[in-house]
Amino acid sequence: MVDLMENQASPEAVEELHRHGLLSAAARDAAHRFVRPPIDWSRWLSRWLLATGAVLTLAGLICLVAYNWNDLGTVLKLGGAQLLVLACALGAWRAGLDRFLGKILLTSAGVLVGIALALYGQVYQTGADTYELFLGWAVLLFGWVLVGRLAALWYLWLVLLNLAVCFYWEAHPRTSFFLLPDEEALTAVSLAVLNALALAARERAVVRGVAFLGERWLRMVLVLAVLGTLFVPSAMLVVEPSRAEAWMYACAGVHLAAMVAGYHVYRRVWPDIGALGLCTLDFSLLMIFVLGKLVFDGPVDLPWELGMLAMAITVLAVFSGTALWLRNVHRAMRQGTPAVEARHA
Amino acid sequence: MRERPTMRALLDHLRSRGLLNDDGMAAIAKKLAPQEPPPPAFVRVLVVLGAWFSATFFTVFILATFFRNQQENSLAMGVGYLAGATLLHRVARHFFFHQVALALLVAGFILALVGVGEQTSGALERDAVTATAIALAAALYVLYPDDLQRFMMPLAAAGVAAITLMDHPSDGQLWRLDVYAGLELAATVLIFTNVRLRARFLPLGYAMAAGALLALATHAVWREEAILRWLFGTNIAPFFLLLRLLAVAAGIWLIRWAACDIRPEPGLNNAWWRSKTVWAAVCAILLLGVLVPPGVLIALLLMVLGRGSAERRLEALGAVAFAGFLVDLYYNVDVGFLEKSLVLIASGVTTLCAWWVFTRSLPGKGGDPCAPSTPASPLPQP
């Protein structure tokens with residue numbers, strides 16, 4: 001149960017009470033004065049001026065450098081980028097990684113490493129593939145990821161690995177491998193495996209008390225990445241079964257296994273309604289694809305208008321059934337073991 | 001922003017001041033009795049998706065089956081949908097049916113406008129559709145008490161009206177859209193600066209704010225910078241300046257509101273017109289009104305309005321619009337890339353200088369914007 005007395009008071013709530021005759025006019029006016037928080041306009045204006053001025057100046061400098069890029073020497077181009085990396089890294093060390101400024105500087109240094117690598121590749125025309133840039137960037141960043149203990153930096157590192165995988169298979173098309181004949185399938189499976197390993201590592205780290213990885217959004221993003229990359233082959237299998245190949249069936253099998261594993265883990269082991277919701281949404285969407293296929297291309301030849309009606313009923317049933325089930329599960333979770341929920345919230 | 005106090009803290013405060021007795025406290029506690037928690041956000045998202053998709057499929061089925069060759073019945077069907085949705089919203093208890101009703105309401109609104117358009121023609125068509133949209137939005141505001149509906153329908157009606165005003169952009173009469181955006185801004189300021197109006201018309205206030213920004217954003221795609229034309233002697237209609245005047249007036253009204261009506265920062269005196277901060281803000285508003293496009297100024301005003309009324313969504317809307325209009329301003333400045341970069345740097349350095357001067361001039365802070373201010377006089381009591 002939610003105690004409304006512990007909710008934040010708002011001017012709208014005050015007006016509502018006055019309209020119902022529960023507050024006199026004098027009480028209403030006093031309540032409005034009490035509820036309105038004090039506004040430190042000077043601080044707000046000061047920060048706004050600083051942020052706007054900094055962004056405008058930085059944008060102007062970037063445009064100036066871009067305009068004069070061809071006239072800048074190699075030393076200036078490469079040296080400038082590396083100097084910025086060094087400055088940000090030293091600044092992060094000096095400010096301290098436990099402070100917000102230090103974290104921003106370390107993250108900026110991590111981003112600038114990639115810019116420096118890109119500049120190196122452009123200046124010296126090394127002929128390296130795109131995936132090598134992202135892989136090298138991830139390798140160089142790994143040390144700071146371990147030291148920095150920043151969720152954002154860890155997330156950036158994972159994005160780089162994902163991009164490296166995508167560009168690797170793009171650069172190596174049609175590599176045959178057991179059941180998986182083309183680079184699209186290999187990309188989907190590789191990404192799913194990579195993100196599943198990252199998710200498992202994250203869960204394990206949180207159990208062992210690594211606090212900076214405890215942010216819930218990290219789990220949600222990784223679950224979405226795993227399920228999302230496997231959804232496409234499954235959907236293709238449903239929509240065009242006549243063109244299905246062996247790898248699609250394998251991907252669909254892995255997809256179903258991932259959904260079942262997700263349900264078990266986030267329902268029983270580490271209860272999390274958000275992650276469970278993603279798993280059920282994934283399942284619901286797949287069900288709608290399957291039922292839609294049956295309606296429009298099934299054994300019964302329905303006119304398309306009746307197909308629309310059938311789809312309306314199908315969508316209604318699937319989503320409302322899923323929502324009802326999730327709500328009941330959420331209610332059961334709230335009555336579940338507090339210790340388990342607190343540890344893995 | 002400091003967090004607001006809880007309801008319990010508020011009621012204890014009123015009781016300590018003798019403005020609430022035990023009976024009143026008990027009555028309020030009964031009204032605010034513990035309730036079943038709302039479903040988690042994810043469940044609501046699923047319900048919304050299900051309701052809207054199923055309503056869309058159902059509407060297509062109805063249109064295809066019963067009105068295949070009878071398009072003039074769109075109006076009747078739309079009115080039927082609106083009536084049905086309103087009734088469903090009033091009798092339904094479950095969140096799911098409220099979303100179905102909302103989806104049917106949107107479908108009915110669109111069908112009604114299509115129906116009116118089909119039964120009129122020429123210039124009358126545009127005016128009839130606009131009038132219908134505004135009338136429906138006003139009627140639904142009363143009959144269909146739902147915050148999301150009260151935001152969507154007025155915004156949709158405002159959009160239809162803006163499209164009608166934009167119908168002939170080539171004739172240079174863009175001032176109509178400017179005046180329109182100014183009126184929406186005035187409505188927004190009026191609603192958000194009055195507590196009683198805000199309590200009743202908050203969704204409408206957001207719709208007006210969004211409508212003003214959208215009208216200006218659409219306008220910015222092809223508008224010429226009126227102040228530049230004025231500076232270079234081209235004859236322009238005086239209405240082009242009307243929006244700027246409206247925005248500056250709204251800005252000065254907001255400065256007065258921020259200084260007096262809401263709890264001011266401790267450094268301000270009772271006589272707000274003597275405050276250097278206030279006069280600096282007025283000068284800044286006047287300068288911005290002359291130099292920058294209205295979109296930038298209006299976005300800034302929305303940020304101030306959102307900050308002052310503790311409406312974070314409005315403040316965020318203003319911040320996003322400010323960034324967008326600022327990018328639009330510098331992107332469309334008619335100079336070369338090098339000059340543009342120098343303009344940016346000059347603007348940035350000027351703003352940073354303003355920041356430095358501002359922080360140094362604040363009393364009792366020693367130049368540190370993060371240090372707490374020292375009250376120069378007691379807080380004014382209304």
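Trainee: Which residues does B:Arg198 touch, not counting residues up to four places away in sequence?

Mentor: First, how to read the model. It is a predicted one, where local features need pLDDT of at least 70, side-chain atom pairs count only at pLDDT 80 or more, and totals for chains, interfaces and linings use all residues. Residues are numbered from 1 along each chain as its sequence is written, chains are lettered from A and ligands numbered from 1 in the order in which they are written, and side-chain values use heavy atoms, with hydrogens and water left out.

Now your residue. Contact means heavy atoms within 4.5 Å. With that rule, B:Arg198 touches A:Pro11 and A:Glu12 in chain A, plus B:Ile191, B:Phe192, B:Ser309 and B:Glu311 in chain B, leaving out residues up to four places away in sequence.

Trainee: Where does B:Arg198 sit, and is B:Arg198 buried or exposed?

Mentor: Helices are DSSP runs of H or I with at least four residues, while strands are E runs of at least two, and the numbering goes from the N terminus. B:Arg198 belongs to helix H9 of chain B. For burial, under 20% relative accessible area is buried, over 50% is exposed and anything in between is partly exposed (1.4 Å probe, protein chains only). B:Arg198 has a relative accessible area of 4%, so B:Arg198 is buried.

Trainee: How many residues of each chain are in contact between chain B and chain A?

Mentor: You'll find 88 residues of chain B in contact with 82 of chain A. Buried area is the accessible area (1.4 Å probe) that two parts lose on being put together, summed over both. Here that comes to about 8,100 Å², with 73% of it on carbon and sulfur atoms.

Trainee: How many salt bridges and polar contacts are there between chain B and chain A?

Mentor: A salt bridge needs a side-chain nitrogen of Lys or Arg within 4 Å of a carboxyl oxygen of Asp or Glu, and between these two chains the count is zero. A polar contact is a pair of N or O atoms within 3.5 Å; within protein, one must be able to donate a hydrogen and the other to accept it, and residues adjacent in sequence count only if both atoms are side-chain atoms. Three residue pairs across the two chains are in polar contact, both residues being at pLDDT 80 or more.

The elements of chain B that give two or more residues to the side touching chain A include H1 (7-16), H3 (41-66), H9 (195-220) and H15 (337-361). H15(B) gives the most, with 15 residues. By class, this side of chain B has 56 nonpolar, 14 polar and 18 charged residues. In that sorting, Ala, Val, Leu, Ile, Met, Phe, Trp, Tyr, Cys and Pro are nonpolar, Asp, Glu, Lys and Arg are charged, and the others, Gly among them, are polar.

Trainee: What span should helix H6 of chain B have?

Mentor: The expected span of a helix is 1.5 Å times one less than its number of residues. H6(B), residues 122-143, has 22 residues and should span 32 Å, which agrees with the 32 Å between its end C-alpha atoms. Its buried residues include B:Ala128, B:Leu136, B:Leu140 and B:Tyr141.

Follow B:Leu140 and B:Tyr141 onward: B:Gln149 is in contact with both, and also with B:Leu102, B:Leu105, B:Tyr144 and B:Pro154, leaving aside neighbours within four places in sequence. B:Gln149 lies in helix H7 (residues 147-165) of chain B and is buried at 0% relative accessibility.

Trainee: What covers the buried residues of H5(A)?

Mentor: The cover includes helices H4 (74-95), H6 (130-148) and H7 (151-171) of chain A. Among the buried residues of H5(A) are A:Gly102, A:Leu106 and A:Leu119. Just after H5(A), A:Gln125 takes a positive phi of about 50°. A:Arg149, in the loop between H6 and H7 of chain A, has a positive phi of about 55° although it is not a glycine.
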